[in-house]
2 protein chains.
Amino acid sequence: MKPKVDYSLYLVTDRLITKGRDLLQAVEEAIRGGVTLVQLREKSISSRDFYTLALEMKALTQKYRIPLIINDRLDIMLAVDADGLHVGEDDLPLATARRLLGPEKILGYSAGNITEALRGQEEGADYLGSGPVYLTGSKADAGEPIGLTGLQAIKESVKIPVVAIGGIDLARIPKVRETGVDGIAVISAILGQPDPKETSRALAEAWRGKANL
Amino acid sequence: MKPKVDYSLYLVTDRLITKGRDLLQAVEEAIRGGVTLVQLREKSISSRDFYTLALEMKALTQKYRIPLIINDRLDIMLAVDADGLHVGEDDLPLATARRLLGPEKILGYSAGNITEALRGQEEGADYLGSGPVYLTGSKADAGEPIGLTGLQAIKESVKIPVVAIGGIDLARIPKVRETGVDGIAVISAILGQPDPKETSRALAEAWRGKANL
């Protein structure tokens with residue numbers, strides 16, 4: 001049985017956005033603040049460097065007992081025995097990834113509309129990353145925003161968890177939460193901030209509806 | 001049991017060197033000319049594009065019953081069930097690759113000196129790619145040439161097959177062959193030429209010692 005995953009505050013990494021701070025340190029602070037899941041996302045890096053970083057990230061996420069998901073690279077995921085893999089349209093086909101991963105690993109899929117969402121559910125995804133909800137500068141290839149309406153339509157079309165991504169910040173959390181999604185994925189809203197721990201704590205509290213917004 | 005591999009004329013691909021011709025077509029001509037093994041090597045390409053190209057390359061090499069080796073990317077190798085993987089120092093560690101591949105797949109390792117060669121043999125490599133023998137422009141990161149002396153020293157230090165790589169052309173084959181290596185790996189000597197089939201035929205004949213040089 002796969003363990004139940006808390007998707008509420010899903011951190012996607014980007015070394016370019018940590019403003020010179022060590023990525024591992026920034027991620028550790030974010031976890032201490034309330035991040036529930038980490039996706040290691042690296043582009044333009046050698047396989048060896050990705051592997052080395054993934055090993056370090058796995059040690060960190062294990063220490064805090066939260067899942068580590070690897071973006072795109074199934075080889076890195078297998079090599080470090082991470083908890084899961086996230087694929088999008090530029091990556092290995094979802095069904096191929098599921099076949100190679102086996103049934104126990106977490107498999108995420110980027111779905112920007114209902115067609116993709118249904119395909120993701122059909123082909124073995126455990127959760128969907130859906131967006132961009134808002135305009136965002138963190139992912140250059142993210143496409144046109146789907147808005148809260150598009151997000152809600154995706155959530156209502158599938159049974160698997162949906163994580164909203166793209167331009168989500170503290171002020172936007174209540175509206176995003178009203179769509180019924182299972183969590184928010186953030187990059188710059190945490191890693192682009194001076195204090196990842198306090199920022200994560202504020203985001204997590206806002207998600208739980210405890211913040212004064 | 002792994003099938004016995006003919007390493008004598010090992011083609012490493014480089015889309016940038018085919019001068020606008022279709023890579024698959026150029027490789028097919030090279031196979032028809034006498035190439036005995038193909039390594040698909042792609043950098044700066046999405047996983048999906050690498051996967052798609054690897055599927056096409058696998059269909060081609062299967063048609064001619066020669067092995068297909070994937071450079072660096074174990075995920076692509078597994079996804080298309082290629083015959084093997086080649087790793088170097090920037091890729092997954094050799095022992096990790098062997099563990100994930102299992103014992104049946106061909107695993108190659110880039111070894112530029114005796115220390116690396118012995119490590120490769122120890123950690124599960126089926127063959128070594130050793131060089132650069134001569135100065136070459138095909139691989140910017142290839143390092144200082146090891147020369148015929150360095151190549152011969154590597155060959156004499158291990159029991160597994162050694163394939164010479166780096167700047168090898170028709171005229172240099174007799175000297176390379178005298179070192180006792182099991183084959184030559186070429187990129188531009190085939191893919192950079194106007195007629196890959198005739199060029200491969202000439203290289204294969206030179207390797208067998210039949211050419212008038």
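Predicted model: local features only at pLDDT ≥ 70, side-chain atom pairs only at ≥ 80, totals over all residues.
**Entry 1. Positive phi**

I began with Asp81(B), which counts as partly exposed because its relative accessibility is 44%; I use buried for under 20% relative accessible area, exposed for over 50% and partly exposed for values in between, with a 1.4 Å probe and protein chains only. Residues are numbered from 1 along each chain as its sequence is written, chains are lettered from A and ligands numbered from 1 in the order in which they are written, and side-chain values use heavy atoms, without hydrogens and water.

I located Asp81(B) in the loop between helix H3 (74–80) and strand S4 (84–87) of chain B. Helices (H or I, at least four residues) and strands (E, at least two) are DSSP runs numbered from the N terminus. Phi of Asp81(B) is near 50°, a positive value in a residue other than glycine. In chain A I noted Arg65(A), with phi near 55°, in the loop between H2 and strand S3 (68–71). Arg65(A) counts as exposed, because its relative accessibility is 77%.

**Entry 2. Cis peptide bonds**

I looked up the bond from Gly131(A) to Pro132(A) and found it cis, with omega near 0°. In chain B, Gly131(B) and Pro132(B) are likewise joined by a cis peptide bond, with omega about 0°. Pro132(A) sits in the loop between strand S6 (127–130) and helix H6 (147–157) of chain A; for Pro132(B) I recorded the loop between strand S6 (127–130) and helix H6 (147–157) of chain B. As background, most residues other than glycine have a negative phi, and most peptide bonds are trans.

**Entry 3. Annotated binding site**

I consulted the unreviewed UniProt entry, whose "binding site" annotation covers Gln39(A), Leu40(A), Arg41(A), Glu42(A), Lys43(A), Asn71(A), Ser110(A) and Lys139(A). UniProt positions follow the numbering used here, feature names are shortened, and annotations may be inferred rather than shown by experiment.

I placed Lys43(A) in the loop between strand S2 (37–40) and helix H2 (47–63) of chain A. Its relative accessibility of 40% makes Lys43(A) partly exposed. Leaving out residues up to four places away in sequence, Lys43(A) touches Arg15(A), Asn71(A), Asp72(A) and Asp91(A), where contact means heavy atoms within 4.5 Å.

Ser110(A) belongs to strand S5 (residues 106–110) of chain A and, at 27% relative accessibility, is partly exposed. Not counting residues up to four places away in sequence, its contacts include His86(A) and Glu116(A). I found a polar contact of 2.8 Å between the side chains of Ser110(A) and His86(A); the term denotes a pair of N or O atoms within 3.5 Å, and within protein one must be able to donate a hydrogen and the other to accept it, while residues adjacent in sequence count only if both atoms are side-chain atoms.

**Entry 4. Strand S3 of chain B**

I checked both faces of strand S3 (residues 68–71) of chain B: Leu68(B) and Ile70(B) on one side, and Ile69(B) and Asn71(B) on the other, are all buried. Strand S2 (residues 37–40) of chain B pairs with S3(B) in the parallel sense over three bridges; pairing requires at least two DSSP bridges. The bridge partner of Gln39(B) in S3(B) is Ile69(B).
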